[in-house]
Amino acid sequence: MNILKIIVLISFGFVLLNCDNAKPASNHSSADSLTKPNNDLLASQNLEINAVKNELPIEIDELTTLFDVFADNNIIHYKYRVKNTPKQALLLTSTLDTLRSNLLDDYCQNVPQMKELKNVFPNGAHYHYFINNEEIIIVELNPDDCQTDK
């Protein structure tokens, strides 16, 4: 699966994320300091999501198209449409193992873009696969799934 396109789009989002027009820090109340990190994280997540959404739909390969992306509970969710594939083929253990392995390899890359993605979405990434508008499988990954030697 060619996840490279997604990584490129995410990289574009990180470039936007690093553009900072923020005003210098000022004195905030303790209530402000409690909500500030959450607001910053939410803003970063929105930048990432919007950067990808602006490019949708994205053809990943001849069978798979990314058609939606959203955030929920500090998790990025990718929604893929799979065509010309029977539901049973997608549910084969060998297919699921290969899919999870490929996604994990990409997710666990030790590159700045993936490190930033895991910082912005600390609870992980979920990959939803649909056939004929029916959700068939969800692959759930989180930073703890990555081995430290990668």
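The model is predicted, so local features need pLDDT of at least 70 and side-chain atom pairs count only at pLDDT 80 or more, while totals for chains, interfaces and linings use all residues. Residues are numbered from 1 along each chain as its sequence is written, and side-chain values use heavy atoms, with hydrogens and water left out.

Searching the whole structure gives five aromatic pairs. Rings of Phe, Tyr and Trp (its six-membered ring) pair if their centres lie within 6.5 Å; planes under 30 degrees apart are stacked, over 60 edge-to-face, and the rest tilted.

Take Phe67 and Phe130. Their ring centres are 5.6 Å apart and the planes stand at 75 degrees, so this pair is edge-to-face. Phe67 is in strand β2 (residues 64–72) and Phe130 in strand β4 (residues 125–131), 63 residues apart. Strands are DSSP runs of E, at least two residues, numbered from the N terminus. Phe130 is buried at 12% relative accessible area, whereas Phe67 is partly exposed at 24%. Buried means under 20%, exposed over 50%, and partly exposed in between, with a 1.4 Å probe and protein chains only.

Next, Tyr80 and Tyr127. Their centres are 6.5 Å apart with planes at 15 degrees, so they are stacked. Tyr80 belongs to strand β3 (residues 75–82) and Tyr127 to strand β4. Both are buried. Ring pairs join Tyr78, Tyr80, Tyr127 and Tyr129 in a cluster.

Finally, the charges. Arg81 lies over the face of Phe67, 4.2 Å from the ring centre. Lys118 lies over the face of Tyr107, at 5.2 Å. The criterion is NZ of Lys or CZ of Arg within 6 Å of the ring centre and within 35 degrees of the ring normal.

Notes: Helix = DSSP H or I, 4+ residues; strand = E, 2+ residues; numbered from the N terminus.
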